[in-house]
Amino acid sequence: MTDIPKTMRAAVLYGEGDLRLVDDYPVPQPGPGEVLIRVAACAICGTDPKILAHGWPNHPPYGQFIFGHEYAGTVVAVGDGVTEFAPGDRVAVEPHKGCGVCANCRDGYYTTCLNYGRPEKGHRHYGFSTNGGYAEYACNHVNSVYKLPDGMPFEVATLITTAATSLYGIRRIGGLEAGETVVVSGPGPIGLMAVVMARLLGAGMVILTGTRPDRLAVGLRLGADVTIHAREENVVQRVMELTGGIGADAVIECAGTVQAAVDAVEMAKKNGRVALVGIYQEPAPLNINKVVQWNITVAGSKAEGERSMAQALALLARGAVDLSPLVTHTFPLSQIHAAFETAEKRLGGAIKVVVKP
Ligand SMILES: [Zn+2]
Ligand SMILES: [Zn+2]
């Protein structure tokens with residue numbers, strides 16, 4: 001550990017909206033089961049501006065809180081008992097590390113750990129209730145670390161969390177069968193990545209719906225067959241037309257609006273499946289009787305559980321899909337404020353903005 005400095009540059013949250021660059025933050029020490037990662041890139045997630053503005057429940061104290069949860073880098077040191085990784089390994093991380101003790105964790109559902117936010121029970125939520133990746137170094141438990149395939153750039157590796165979130169939605173509705181018609185609503189990063197995942201899993205027709213033509217165009221480049229502009233066309237009617245009046249086998253709802261959630265159920269076929277992956281600000285009046293009478297599965301999907309990171313990496317490892325259209329901007333850590341402004345206001349067509357310590 002000789003070449004690891006004692007202090008590092010980090011973006012530290014000092015209060016609501018008060019993000020400061022600090023040059024003398026102590027480099028964390030890997031505890032038992034943990035690795036120390038030199039962060040190469042950390043992508044801004046849609047949740048990050050909210051954390052910047054309002055913090056997060058059980059976040060580390062202001063003045064010490066480093067957020068950022070979509071990061072990748074190189075292992076530089078390992079703690080006691082770590083045999084899974086060694087210095088030099090290129091890795092991406094997963095934000096959630098369950099307590100490992102509760103019933104949900106033991107069943108693999110660690111993104112819904114029953115000891116959420118209780119570090120004394122072993123729970124970690126990196127970049128939320130535990131420090132994360134807007135810094136030169138970060139410590140992660142091995143359960144939240146995944147080796148990268150050779151040749152995958154770190155900027156692209158920051159997208160694995162997003163890919164895994166999309167993939168988990170698909171997993172929560174029992175996966176996809178080859179040839180199935182899939183509707184993805186909402187062409188944000190998770191929706192666009194859901195298009196990629198559906199394509200790689202052998203979906204038949206992939207339909208992407210949304211309100212931003214530039215994003216829909218990116219979706220076409222990533223593997224969507226058809227796009228529907230939700231303000232100019234009746235989305236449900238159009239899906240019915242495209243499916244011969246039957247409806248979609250699977251709907252992956254990533255828009256996070258009430259209307260999109262309502263429509264998701266309306267466009268599912270008999271015995272179809274609906275994954276709700278978006279973040280909703282208010283309750284939605286879903287057609288529950290259709291859910292019952294049409295034998296529809298509706299599943300909530302929390303983050304990237306059940307090792308979806310590993311599965312997403314496996315799907316992306318062969319490089320069959322070029323993800324570079326998703327990483328639109330890169331900033332050094334010293335310009336993190338500009339990076340956030342670019343991400344929040346979607347300046348210059350920003351999709352994913354990556355910060356490089
Ligand atoms: Zn995120
Ligand atoms: Zn747990």
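Biologist: What's the strand order in the open sheet of 6 strands?
Modeller: In this predicted model, the order runs S12-S11-S10-S13-S14-S15, and the pairing is parallel.

Biologist: Which strands sit at the edges?
Modeller: Strand S12 (226–229) and strand S15 (297–300), each of which pairs on one side only.

Biologist: And how are neighbouring strands turned against each other on average?
Modeller: By 15°, if you ignore direction.

Biologist: How many bridges join S13 and S14?
Modeller: Strand S13 (residues 248–253) and strand S14 (residues 268–276) share 5 bridges, in the parallel sense. Ala-248 has Ala-268 of S14 opposite it.

Biologist: OK, helices now. What does H8 lie across?
Modeller: Helix H8 (residues 258–266) lies across strand S10 (182–185), S13, S14 and S15, and its angle to S14 is about 150°.

Biologist: Switching topic: at what angle do H4 and H10 cross?
Modeller: Roughly 105°, with the axes of H4 (residues 160–172) and H10 (residues 308–316) coming within 8 Å. Angles of 65 to 115 degrees count as roughly perpendicular, so that is how H4 and H10 stand to each other.

Biologist: Which residues make that contact?
Modeller: On H4 they include Ala-163, Leu-167 and Arg-171, and on H10 they include Met-309, Ala-312 and Leu-316. By class, the contact has 9 nonpolar, 2 polar and 1 charged residues.

Biologist: What about domains, where are the bounds?
Modeller: The domain assignment gives domain 1 as 7–159 + 323–356 and domain 2 as 168–300. Their C-alpha centres are 29 Å apart.

Biologist: How many residues are in contact there?
Modeller: 7 residues of domain 1 with 8 residues of domain 2. The domain 1 side has 4 nonpolar, 2 polar and 1 charged residues.

Methods: Residues are numbered from 1 along each chain as its sequence is written. Chains are lettered from A and ligands numbered from 1 in the order in which they are written. This is a predicted model: local features need pLDDT of at least 70, side-chain atom pairs count only at pLDDT 80 or more; totals for chains, interfaces and linings use all residues. Axes are lines fitted to C-alpha atoms, for helices over the stretch in contact, and angles run from 0 to 180 degrees between N-to-C directions. Helices (H or I, at least four residues) and strands (E, at least two) are DSSP runs, numbered from the N terminus. Angles under 35 degrees count as roughly parallel, over 145 as roughly antiparallel, 65 to 115 as roughly perpendicular and the rest as oblique. Two residues are in contact if their C-beta atoms, placed from the backbone, lie within 7 Å. Ala, Val, Leu, Ile, Met, Phe, Trp, Tyr, Cys and Pro count as nonpolar, Asp, Glu, Lys and Arg as charged, and the others, Gly among them, as polar. Domain bounds come from an automatic or database domain assignment. Two strands pair if DSSP finds at least two bridges between them.
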